[in-house]
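Please look at the sequence and the structure before we go through them together.

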Amino acid sequence: SLRLICTTTAVQRKNVGASGPEKYTEAFIKKQIEEFNLGKRHLANMMGEDPETFTQEDIDRAIAYLFPSGLFDKQARPMMKHPTEIFPEQRKIQWGEDGRPFHFLFYTGKQSYYSLMHETYEKFLNVQKHQDQLIAKDLPLQKEKRNLAGSRWLTKIELEEMLLEKLSDDDYSRFIQLLEKLVALPCADIAENYIQKFSKEVSVQLQKVVIEPLQYDEQGVAFSTGEGKRKTARATAVVYDNGTGKITVNGIDILHYFPVLQDREQLLFPFQFLGRIGKHDMVCTVSGGGRSAQAGAIRLASAKALRSFVTEKEVEFMRQAGLLTVDPRVKERKKPGQEGPRRKFTWKKR
Amino acid sequence: RVMPVRWSRYNPSYLEPEVKKESYQKPLEELTDEEREQMELKAVRPIKAAPPTLSSSVFSDPMISKFTNMMMKSGNKVLARNLMSQTLETIKRKQLEKYHKAPENEKETIECNPYVIFHQALKNCQPIIGLSNITKGGKTYQVPVPLTDNRKRFLAMKWLITECRENKHRRTMMPEKLSQELLLAFNNEGPVIKKKHVLHKMAEANRAYAHFRWW
């Protein structure tokens, strides 16, 4: 597996509840909940609001007002949340008073994981039996294809939270393989309810970005602005309609500002992709970075500006061509004990 | 557990961008089932940014970019790109000279498009089978092994470049040397093709050790 750099916060959260047996008793948590509710009402009184309709957002705002903190990490600032969010769920004691464990798979060490695997395999066998019955009666097997693109499986962290048990990467991949096998069977609709427990919907369209409408300047010419960045370069581009294809960067024509052909190709890339080379004028400002970084920044800025001139389908095509994503690659830092980001010092025998 | 060193700044769920304009102009009915699934997947997943060497213009060719990158020394892309364009120009000039000197009936057989010559020359230089060192019982044997497409292309390009850098006169310019090599390779002559044939013969000679391969 690769070391993830660009991840969602869901992947980075550590699961404290799965790390060991009980750290706090149920009575303790109940007391914490009572104290939280009382404290919520006191806070509402203090802020002069109605205790009955005091929501979590109001609590956050009140705490931020009463205890202002300049700390960078949001988790380090003072917070007041419901105890179930602060103290994560944990496993209760797995054995009775005589020391005998409740679950029959306790001595495997990962009882919830193995019981889950057994359940899933049972469903798999049931589906196969149903399939065999249908074949025996010569009935057609249901072939409605499940939409694979709209859903994803639970991540390892989410599965750990569900089972309240630590999993290894191997275990997780085995479970996902079993689920895939189950889904691949033609009569998997029977186990649809069970499968839905382990799949999450992904937002169907990744077009969550709002496209700004066109603006009009004094002469009635339509224009739109866009901002882009690449490495340390920051660029803003203003694309005008009814133009001749002139492009100006920082007041200088592109032929003089970018003597290298590759950079000019990058500037023209969005226009060429949409087939609008001679139709727009562009004025951009760019600062920071080097020659190639500035070209990449202007390309992103112009692509973002062109979104307002173009249909939604073409915006989707631009996104799939990689014109609208910010390039996250930056210079890697130098590490101590090494000469550069990757290069180690020369090895000397003595 | 050892972490692999090669990692990327992109989340693994990011897909590669598709730059060619033609693939977006196909109407919906012509797509096969696989392509439809690909399209649906692309609609949901985020996509990586297109690198600066890739563009949708007719002049950008992935093979040529790869070759330029291999010719580049210490990150001097400007120089490498200039050399590449000068090479293509020299090929065109040589072919045009030949074209104008040739008699009427042979004029159609002479290929003038430098891109076509480049691709054909590379294809001719690609070895089909390679050798790999396998140590068994203390002795290292040269075992014939099938090569992947990427490996074949890489070997062809590497041979061309090393041939030009080392086995020529010091004062000749790179475009001249490269264009000469490419034209020879296009006609299945020249030292690179000879090297390919030598490799094939070695593989044929070591056929007996082919069963040492376990993949």
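Which residues have the most contacts inside the largest nonpolar core? They are A:F273, A:M282, A:I298 and A:M318, in a core of 35 residues. A nonpolar core here is a set of buried Ala, Val, Leu, Ile, Met, Phe, Trp, Tyr and Cys residues joined through side-chain atoms within 4.5 Å; buried means under 20% relative accessible area, with a 1.4 Å probe and protein chains only.

This is a predicted model: local features need pLDDT of at least 70, side-chain atom pairs count only at pLDDT 80 or more, and totals for chains, interfaces and linings use all residues. Residues are numbered from 1 along each chain as its sequence is written, chains are lettered from A and ligands numbered from 1 in the order in which they are written, and side-chain values use heavy atoms, leaving out hydrogens and water.

In chain A, β5, β6, α10 (261-274), β8, α11 and α12 (312-320) each give two or more residues to the core; helices (H or I, at least four residues) and strands (E, at least two) are DSSP runs, numbered from the N terminus. The most comes from α11(A), with 8 residues.

Beyond its neighbours within four places in sequence, A:F273 is in contact (heavy atoms within 4.5 Å) with residues including A:F317, A:M318, B:V19 and B:Y24.

Let us turn to the sheet. Six strands of chain A form an open, mixed sheet in the order β3-β4-β5-β8-β6-β7, with β3 (215-216) and β7 (252-253) at the edges. Two strands pair if DSSP finds at least two bridges between them; β5 (233-240) and β8 (281-287) of chain A pair antiparallel over 7 bridges.

Terms used: Buried < 20%, exposed > 50% of the residue type's maximum accessible area, 1.4 Å probe, protein only.
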